Amino acid sequence: MKLSSIFSLISLFFLAAVTEGEASRCSITGIPLVRNISEQRQDSHGIRGLSHIMVAGAALHGMKEVEVWLHTYAPGTRTPIHRHPCEEAFVVLKGSGTAYIASDQAHSRHSYPGTPQEFRFSANSTFGIPVDAVHQVWNSNEHEDLQVIVVVSRPPMKLFIYDDWSMPHTAAKLMFPAFWDEECLKEESIKEEL
C-alpha cells in the first residue's frame, strides 16, 4: 500500500471521528458522569453580559428532575423580568446583587406582578424563587462579576417574560424552549418527525 493511501485512510478515519464527536452537542450518548466545567460550552443566549454554562441539563444531558447552571453576570447585567412553573435555587459563589421578587400572594390577587420586593445578596448566600413568582436577578455591583450556581426543578423550563412589573400576566410572552434548550429540543422534535 502506498504511503499516500495510508495518509488518505488516516485522514478519513480522523475526519470521521471528529465529525461523529461533533455531530450533535445535544447527544447524551457518551457524556461522561464527571465533566470539567471550564470545558463546557458558554453562551450569552442574546443577554448582554451573561455567560450561561449548562452544568447538567434536561435536553443536553438527559436530566429528569433538576437542571444545574453556572451563570456569570457582568456588572449591571440583569435577567428579563420573568416567571416559570418551577422552583429555582441560587448559590452565590462571588459578587453581589439584587433579586426582585413579586410574591405569590400578589400573583394570585392581581392580574399583573405589581411592585416587587427587593432582596440584596452577596457571596456565600443563597436564595430561592417559588413556583410562578415573577422575578428578576440583577448584578447591581458596578465593579465585580456576579457568579451563581442555579438549580431549577422540573426541566425543561417554560419562561414567561414581562416587559415591566405592570404588564398583565396574560400578556407575558411564553418562551419555550428556553434560550439554552432551543437547539437541543428543536433537534429532538426533528428526530421525532422523522
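Author: Here are questions and answers about a few residues and the terms applied to them.
Author: This is a predicted model, in which local features need pLDDT of at least 70, side-chain atom pairs count only at pLDDT 80 or more, and totals for chains, interfaces and linings use all residues. Residues are numbered from 1 along each chain as its sequence is written, and side-chain values use heavy atoms, with hydrogens and water left out.

Reader: Why is Asn-139 called buried?
Author: Buried means under 20% relative accessible area, exposed over 50%, and partly exposed in between (1.4 Å probe, protein chains only). Asn-139 has 0%, so the word buried applies.

Reader: What makes the place of Asn-139 a loop between two strands?
Author: Strands are DSSP runs (E, at least two residues), numbered from the N terminus. Strand 9 covers 135-138 and strand 10 covers 146-153; Asn-139 lies in the loop between them.

Reader: How do you know that the side chain of Asn-139 reaches the backbone of Tyr-73?
Author: A polar contact is a pair of N or O atoms within 3.5 Å; within protein, one must be able to donate a hydrogen and the other to accept it, and residues adjacent in sequence count only if both atoms are side-chain atoms. The Asn-139 side chain comes to 2.9 Å from the backbone oxygen of Tyr-73. It also reaches the backbone nitrogen of Asn-141, at 3.0 Å.

Reader: Why is Asn-124 called exposed?
Author: Its relative accessible area is 74%, and exposed means over 50%, so the label holds. Asn-124 sits in the loop between strand 7 (117-122) and strand 8 (126-129). An unreviewed UniProt entry annotates Asn-124 as "glycosylation site"; such annotations may be inferred rather than shown by experiment.

Reader: Which residues does the UniProt annotation "binding site" cover?
Author: The unreviewed entry lists His-82, His-84, Glu-88 and His-135. They spread over 54 residues of sequence yet cluster in space, with a largest C-alpha distance of 12.2 Å.

Reader: What makes His-84 and Glu-88 count as buried or exposed?
Author: His-84 has 0% relative accessibility, so it is buried. Glu-88 has 6%, so it is buried too. His-84 is in the loop between strand 4 (81-83) and strand 5 (88-94), while Glu-88 is in strand 5.

Reader: What joins the side chains of His-84 and Glu-88?
Author: A polar contact of 2.9 Å.

Terms used: Helices (H or I, at least four residues) and strands (E, at least two) are DSSP runs, numbered from the N terminus.
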